Amino acid sequence: MIHARVLGAVGVFAALALAGCSQGTPTTAAPAPASPSAPAAATPSIGATAEVPAEFAAGDVHIALVRQLSSGDYFEQWLAGAQAEAKALNVTLDLSSGDGNNDKQALNLEQAVNQKADAIIVDHGFAQTVQPAIKKAVDADIPVVAFDVDPGTPEAVALSQDDHLIADQALGALKADTGGTGEVLYVYVAGFAPLDRRNETWTSFKKDNPGIKQVAQIGVVNSSTASAVADQAKAALQANPGITAVFAPYDEFAKGASLAIKELGLQDKVKVYGADISTADIAVMTEPGSPWVATSAADPSNVGRVAVRAAALLVAGHPVDKALKVPPALITQKQLRDGGITGIEQLVEAVPALQTPDVARVPWAAR
Ligand code: SR1
């Protein structure tokens, strides 16, 4: 693995193909060699405002992506975005996933540090299992971008979606639909930084809206979250027939709750307010009789792109804000149905705020 952080000015590099990455054990996708006919002139690529650093042009940059979780629409789309950005920047992404096992993620992280990755992206994880290795990385002068996990050091870049706003937007829709009164089923699992932040907003929301009562709480995160949540939601809905809303701020939670409501035939009475969006989520939200009426989301693929851009900037010695936040947008079932939106690409066109090219913009890359 090449540890390259020295800037150099070279010309445009050819667009290179990365082999597909798989999940599970660490894998490496190497870029194809640069075209021998690529011009060597010291000019930026079209649309770019700076020259391509030498190590990027040479394809020498390795960024380790160390994930806690990899199953589910959100994580799959996030990875697709990260891989697309790595390809565009001519970076090799060394991918590993803990598959929900925190010890495995910690080992993968140690390995990335020992192999002297040029930068490390830590994607989710629990603070106590990733912070020791993040400290080792920082001490070894390896730049770190921590997505959705507290890195425990101010030297790492902390990337998040704006989780307080995600919860705020979804709860705004819940309040508008219920008139500020009603029994709510809440889906939550503690320990995941984004869910903990959304929970802070839910806690204040309940105080500010005494007419909204949380009558039950459920939640599980595993490799089949949606079906596990569906089972829990069925039991909670049967035990609490007064529930009219479910606050489920993670798409796997929202899908599980929606399934339970439909199976119980409660879709005219109980509505779901969620988080996240994907093509599969759009299908669930827009299907006839779907109770999932609103979600607040960033485009996961865009967030994956931002993570890779931030890491690349750090490798090149460019300054990056220590706290990067990707803003969400509220997406409603009505908006999707009225707009005939069936996929994430269409949605991003309809809601341009879901693209954030200026968050961690790379000056040598075309936009
Ligand atoms: C288990 S944590 C799941 C959340 O991580 C990302 O922030 C997504 O928004 C998802 O809701």
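How many nonpolar, polar and charged residues are in the lining of the second largest pocket? Six are nonpolar, none are polar and four are charged. Keep that site in mind; the tour returns there at the end. The model on screen is predicted.

**Stop 1: the ligand**

Select the ligand first. Now show the residues that surround it: Tyr74, His124, Asp148, Gln161, Phe192, Pro194, Arg198, Pro249, Tyr250 and Asp276. By class, this shell has five nonpolar, two polar and three charged residues.

Start with aspartate 148. An N or O atom of its side chain is 2.5 Å from a ligand oxygen. Move to arginine 198, where a polar side-chain atom is 2.8 Å from an oxygen of the ligand. Then take glutamine 161; here the distance from a polar side-chain atom to a ligand oxygen is 2.9 Å. On its own, the ligand has 320 Å² of accessible area, and the protein covers 100% of this.

**Stop 2: the largest cavity**

Stay where you are. The ligand sits in the largest cavity. The structure holds one cavity of 30 Å³ or more. The space in the largest cavity is about 130 Å³. Its lining has 13 residues; Phe75, His124, Pro194, Leu195 and Tyr250 are the closest to its centre.

Colour helix H6 (193-208) and H2. Each supplies at least two residues of this lining. H6 gives the most, with three residues.

**Stop 3: the largest pocket**

Now select Glu85, Asn302, Arg305, Arg309 and Pro357. These lie nearest the centre of the largest pocket, which is lined by 17 residues. The pocket holds about 400 Å³ of space.

Which helices each supply at least two residues of this lining? They are helix H2 (73-89) and helix H10 (300-315). H10 has the largest share, four residues. The pocket lining counts seven nonpolar, four polar and six charged residues.

**Stop 4: the second largest pocket**

Finish where the opening question pointed. About 180 Å³ of space lies in the second largest pocket. Select Asp141, Ile142, Pro143, Val144 and Glu155, the closest to its centre among the 10 lining residues. Colour the lining by class to see the six nonpolar and four charged residues, with no polar ones.

Notes
Residues numbered from 1 in each chain as written. Predicted model: local features only at pLDDT ≥ 70, side-chain atom pairs only at ≥ 80, totals over all residues. Heavy atoms only, no water. Near = heavy atom within 4 Å. Polar contact = N/O pair within 3.5 Å; in protein donor to acceptor, adjacent residues only side chain to side chain. Areas by Shrake-Rupley, 256 points an atom, 1.4 Å probe, with all protein chains shown as cover. 1 Å grid on protein atoms, 1.4 Å probe; cavity = no way out; pocket = protein on both sides within 12 Å on 5 of 7 lines; lining within 4 Å. Sits in = over half its atoms within 2 Å of the grid points. Nonpolar A, V, L, I, M, F, W, Y, C, P; charged D, E, K, R; others polar. Points joined across faces, edges and corners; volume = space filled by probe spheres on them.
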